[in-house]
Amino acid sequence: MSWFLAAAGILLTTLLGFLIWQIVIAKRPDVWESLAYAFPVGSGVTVIVMLLLALLGLPLSRGYVVGVVLILIVITGIAGTALRKLDRAASNATPEKAGKGLLWWCLLGALLFQIALVVVPIIQERSIGEWDAWAIWGMKAKAFYVDQGVSGYLSDAQTYAFSWPRRPALSSLMEAFVYSCMGRVEESAARVLHVLWFVSLLWTFYIVARRAMNRTAALFWTVVLSAVPNLAFQGNLGLSNVVLGAYLFAGITTLDRWRRDRHARVLVAAAVLLGMASLCRDEGLPLALILIAAFVVTTQSLRGTGLRKAALQATALAIGTFAVKSLWILLVRRYPTGDLMSEWMTLDIFSRAVAHLRDAPAVLRTALQELAVPEHQTQSLHLENLIGLALFWPAFAIAALRLFLVRGRDPFALGCAVTAIAGVLMYTTGFWLFPYQNLADLRDNWMFVMDRQVLCLIPLATYAIAWSISGNSPGKAG
Amino acid sequence: MKVRAIACFFGIALAAFYAGASMQMETRSIRKAYRSPSHGAIELGTVLEQSVIDGCVRFVRPSDVLAVLYTETNPAPDVSPVFILYRLAYLAYPTRFDSATIGEEGIPAALTHLPRKPNWVLLLGKRANVPGYEEVARFSPTDVLLRATGAPQ
């Protein structure tokens with residue numbers, strides 16, 4: 001029964017997201033596209049509802065949240081129907097009805113198999129096992145559910161300092177919503193929730209890629225994305241990196257749609273999606289701002305509309321993004337959770353950078369020694385290594401080079417590449433200045449944490465690679 | 001063209017660096033081979049850690065305060081006080097937890113350093129009689145759970 005209630009809760013939020021997206025793209029209704037965006041949009045809006053309830057001092061109970069979501073479903077349903085009656089323009093977002101060949105079906109089978117591989121570990125181990133997944137995100141989710149609000153946890157932030165109370169917690173709030181629907185803490189349900197974000201990311205990727213290449217090529221690159229080892233590995237753990245990646249990708253693809261459509265509601269949707277990205281993790285906001293800047297600089301809007309107008313558009317987007325993020329900031333400021341930024345700025349950044357430089361060779365040496373241990377090497381698949389290590393980032397480097405140099409390039413693909421490069425640069429700088437206790441700590445930062453952090457940039461980098469290789473393939477859709 | 005060249009240089013340099021440095025799949029196994037609590041190495045803990053955690057969860061209630069006192073030189077290296085503390089805080093929420101190291105001054109002094117008086121004390125790495133507390137569970141010769149005397153059963 002509790003699983004049925006969880007499914008009902010998730011379906012409600014997905015329905016809300018579907019209806020909202022149908023309104024956003026009212027002039028170009030495409031059911032498959034709306035379905036791809038439905039879960040990220042619906043869960044993001046549900047989290048915004050929960051934040052507003054918390055700000056109003058209302059409990060985050062099942063009754064309140066589901067009640068508001070139902071009201072929103074009715075409102076968006078009515079608004080969608082009204083808009084559709086006003087504007088019956090034919091869809092031009094749906095690609096031509098090209099037949100799906102045998103290869104396409106084989107690739108679909110491979111994709112479904114890969115998704116099944118992400119689900120199987122949940123059946124094997126139902127609980128959340130990864131340290132950060134339970135100590136940070138799971139801790140918040142459980143606390144928000146047990147307390148039916150955020151006050152119990154945030155007011156005792158000192159006790160739970162290990163779970164980084166100030167960190168924005170979109171995934172935790174959504175997990176708490178699922179727990180509320182079920183009436184108990186069920187960690188496997190939280191893990192399933194993360195698989196839904198992972199699948200939404202893949203689906204969105206395919207929907208966007210098929211605009212620029214034929215269906216088979218689009219599905220091939222979606223399979224490649226699903227097989228990037230660490231991305232697939234973390235698709236079910238309960239961490240927020242893949243969730244952030246899903247929202248960043250949804251945000252930039254919506255921006256690209258706005259570049260072509262020029263509808264204000266699409267621009268608003270892009271800003272809200274990037275705001276949702278900023279609610280996923282601390283670095284969500286700077287990454288969203290980098291993405292906005294990269295998009296405005298690399299797309300035709302700069303040349304077509306002039307620098308001043310482009311700057312205004314970027315500012316409007318940034319304000320919209322920050323408006324969503326501010327819901328969490330306003331909430332956290334009510335409680336004594338400390339000020340991370342002031343702590344960060346008072347530390348000796350220069351000496352940290354110098355120490356990092358001094359210790360880097362020793363860390364590299366230690367890392368290489370560890371990688372030389374045979375049992376460490378044999379536990380991963382060669383194919384995974386091939387895709388994850390030998391091919392991915394070099395392929396991205398070549399793709400980025402082509403995107404920078406070639407004429408007639410896709411501005412969206414270029415925007416993806418620039419955002420991925422700037423994002424990696426941001427993470428590198430952050431890690432270079434991050435405090436550490438000893439060499440082991442530093443090694444952990446570079447080897448275990450960095451590859452996890454850049455996960456959110458993998459979809460952007462993959463799209464850049466895909467366009468660079470298959471972007472001119474025949475069967476382009478509108 | 002200069003801007004493009006610089007951007008290309010950065011892109012290639014960084015991508016080449018991460019191709020070698022991230023070693024994504026290898027870290028998956030190394031992550032489990034090392035036990036550094038700071039960055040997610042411990043996963044779900046050892047059998048002994050699990051027994052300590054399960055035992056404490058069975059006894060404590062939401063309104064309780066449990067203090068974890070541990071020695072810096074724990075004779076049972078398989079027990080990580082940090083892991084137990086964090087995991088307990090997660091599993092037994094909203095039970096409140098505090099922690100302190102047992103220094104040369106002993107357990108009573110460590111108890112005075114806590115922000116609130118606990119009605120449960122978990123000693124890790126040292127078994128001792130603590131005035132005002134009685135032993136209710138022993139997980140290993142040096143890991144014991146104490147309850148404040150007079151507290152409800």
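The model scores ipTM 0.82 and pTM 0.86.

Start with the two chains in outline. The secondary structure of chain A comes to 22 helices and zero strands. Chain A has 478 residues, and 50% of them are buried. Take the contacts in chain A between residues at least 6 apart in sequence: 80% of them join residues at least 24 apart. Chain B has 153 residues, of which 39% are buried. Chain B contains five helices and five strands. Read from the N terminus, its elements run α-α-α-β-α-β-α-β-β-β. For contacts in chain B between residues at least 6 apart, the share that joins residues at least 24 apart is 62%.

Now look at the sheet of chain B. Its five strands form an open sheet in the order β2-β1-β3-β5-β4, with mixed pairing. Strands β2 (96-101) and β4 (133-140) of chain B stand at the edges. Each has a single partner strand, so one side of each is left without a neighbour in the sheet. From one strand to the next, the twist averages 20°.

Follow the pairings across the sheet. β1(B) and β2(B) pair in the parallel sense over six bridges. Here V65(B) has R96(B) of β2(B) as its bridge partner. On to β3(B): five bridges join it to β1(B), and the two strands run parallel. L69(B) stands opposite L123(B) in β3(B).

How enclosed is β1(B)? Five of its six residues are buried, so β1(B) is largely enclosed by the rest of the structure.

Helix α3 (residues 47-59) of chain B lies across β1 (65-70), β3, β4 and β5 of chain B. Helix α3(B) runs at about 145° to β4(B). Helix α4 (residues 81-91) of chain B lies across β1, β2 and β3 of chain B. The angle between α4(B) and β2(B) is about 170°.

Nine of its 11 residues are buried, so α4(B) is largely enclosed by the rest of the structure. The buried residues are P81(B), F83(B), I84(B), L85(B), Y86(B), R87(B), L88(B), A89(B) and Y90(B). What do they pack against? On the chain B side, their partners are α3, β1, β2 and β3. They also pack against α5 (131-147) of chain A.

Next, turn to a pair of helices in chain A. The axes of helix α13 (residues 284-298) of chain A and α20(A) come within 8 Å and cross at roughly 145°. The crossing of α13(A) and α20(A) is right-handed. From α13(A), the contact uses P286(A), L287(A), I290(A), L291(A), A294(A), F295(A) and T298(A). From α20(A), it uses P411(A), L414(A), G415(A), V418(A), T419(A), A422(A), G423(A) and M426(A). By class, the contact of α13(A) with α20(A) has 11 nonpolar, four polar and no charged residues. An α-helix has 3.6 residues a turn, so residues three or four places apart point the same way.

V418(A) shows this contact at the level of one residue. V418(A) is in helix α20 (residues 411-433) of chain A. Why does V418(A) count as buried? It has 24 C-beta neighbours inside 10 Å, and the cut-off for burial is 20 or more. Leaving aside neighbours within four places in sequence, V418(A) is in contact with A294(A) and T298(A). G57(A) is 361 residues from V418(A) along the chain, and their C-alpha atoms are separated by 42 Å.

Finally, check the confidence in chain B. The mean pLDDT of chain B is 73, and 64% of its residues reach 70 or more. Among its elements, β3(B) has the highest mean pLDDT (92). Helix α2 (residues 24-33) of chain B has the lowest (39). Over residues 15-42 of chain B, the pLDDT is below 50. Beyond near neighbours in sequence, this stretch has 71 contacts in the model. Where pLDDT is low, the predicted coordinates should not be read in detail.

Conventions:
Residues are numbered from 1 along each chain as its sequence is written. Chains are lettered from A and ligands numbered from 1 in the order in which they are written. This is a predicted model: local features need pLDDT of at least 70, side-chain atom pairs count only at pLDDT 80 or more; totals for chains, interfaces and linings use all residues. Two strands pair if DSSP finds at least two bridges between them. Helices (H or I, at least four residues) and strands (E, at least two) are DSSP runs, numbered from the N terminus. Axes are lines fitted to C-alpha atoms, for helices over the stretch in contact, and angles run from 0 to 180 degrees between N-to-C directions. Two residues are in contact if their C-beta atoms, placed from the backbone, lie within 7 Å. A residue is buried if 20 or more other C-beta atoms lie within 10 Å of its own, exposed if 12 or fewer, and partly exposed in between; C-beta atoms are placed from the backbone. A crossing is left-handed if the near helix is turned anticlockwise from the far one by less than a right angle, and right-handed if clockwise. Ala, Val, Leu, Ile, Met, Phe, Trp, Tyr, Cys and Pro count as nonpolar, Asp, Glu, Lys and Arg as charged, and the others, Gly among them, as polar. pLDDT is the predictor's confidence in each residue, from 0 to 100.
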